[in-house]
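Me: I would like to learn how to read salt bridges in a protein model. Can you take me through some cases?

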Amino acid sequence: MKFLTFIAIIVVIWGVGLFAFADRVRGYTPAAEPARADAIVALTGPSAERVNAAIRLLEQDKGERVLISGVNREVRRQELRALTPGSNRLFNCCVDLGFEAEDTIGNAQEIAAWADAKGYDSLIVVTSDYHMPRALTEIRAAAPGVELTPYAVETPSLDNSRWWRAAVTARRMTLEYMKYLAALGRALVGGAAYERPATEAEAPAAKKAA
């Protein structure tokens with residue numbers, strides 16, 4: 001009986017945490033106008049909207065450069081620029097591409113390396129609303145001295161207080177919550193050993209040093 005009671009308590013705590021997480025996700029949008037930071041980072045995702053939002057912030061002078069983290073290795077710079085509305089001049093001069101990241105931990109490593117190389121102390125983080133809590137947790141673990149400002153892209157299907165009634169939205173929110181708990185667990189025990197890979201902007205210098 002005590003064991004069953006313990007399990008029931010754990011389930012209740014987990015359920016309360018899930019709904020608190022969902023409220024936090026929904027609270028990220030609509031995104032407030034961010035104060036200017038040293039730079040802007042965008043974590044790639046299922047659509048181009050995250051990158052587009054980061055470029056719009058760059059056009060508004062919210063940071064001096066943008067890092068697009070997690071770019072597919074097969075995507076060329078010209079192809080990405082063609083998909084992104086805005087100034088070609090700004091894209092050519094002030095946008096760096098990171099090709100190393102394959103997941104959110106990789107994004108955090110890539111962002112930390114870039115911020116360290118550039119000497120940036122504050123970043124605006126652009127990603128989807130549901131992904132923002134985990135992204136912030138991983139980036140803080142990789143770059144603990146950097147100030148982070150979230151700028152979330154809204155996921156329309158999650159903009160509903162009864163998200164749990166639809167299987168698709170319930171699954172997405174629950175899966176992301178579990179990933180977030182795992183990220184929190186890593187942060188609490190000290191995080192992973194973050195190796196900092198070179199971004200596109202750093203690669204030439206790294207080759208010269210070698």
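Reply: Here is a short walk through some charged pairs.
This is a predicted model, where local features need pLDDT of at least 70, side-chain atom pairs count only at pLDDT 80 or more, and totals for chains, interfaces and linings use all residues. Residues are numbered from 1 along each chain as its sequence is written, and side-chain values use heavy atoms, with hydrogens and water left out.

Me: How many salt bridges are there by the rule?
Reply: The rule asks for a side-chain nitrogen of Lys or Arg within 4 Å of a carboxyl oxygen of Asp or Glu. That gives eight salt bridges.

Me: Where do Arg26 and Asp23 lie?
Reply: Helices (H or I, at least four residues) and strands (E, at least two) are DSSP runs, numbered from the N terminus. Arg26 and Asp23 both sit in helix α1 (residues 2-27), three residues apart, about one turn of the helix. Their closest N and O atoms are 3.9 Å apart.

Me: Is Arg65 buried or exposed?
Reply: Buried means under 20% relative accessible area, exposed over 50%, partly exposed in between (1.4 Å probe, protein chains only). Arg65 is buried, and so is Asp96. These two form a salt bridge, with closest N and O atoms 2.8 Å apart. The pair links distant parts of the chain, 31 residues apart: Arg65 is in the loop between α2 (49-59) and β2 (66-69), Asp96 in strand β3 (residues 95-98).

Me: Why does Arg73 count as exposed?
Reply: Because its relative accessibility is 57%. Glu100 has 37%, so Glu100 counts as partly exposed. The side chains of Arg73 and Glu100 meet in a salt bridge (3.1 Å, N to O).
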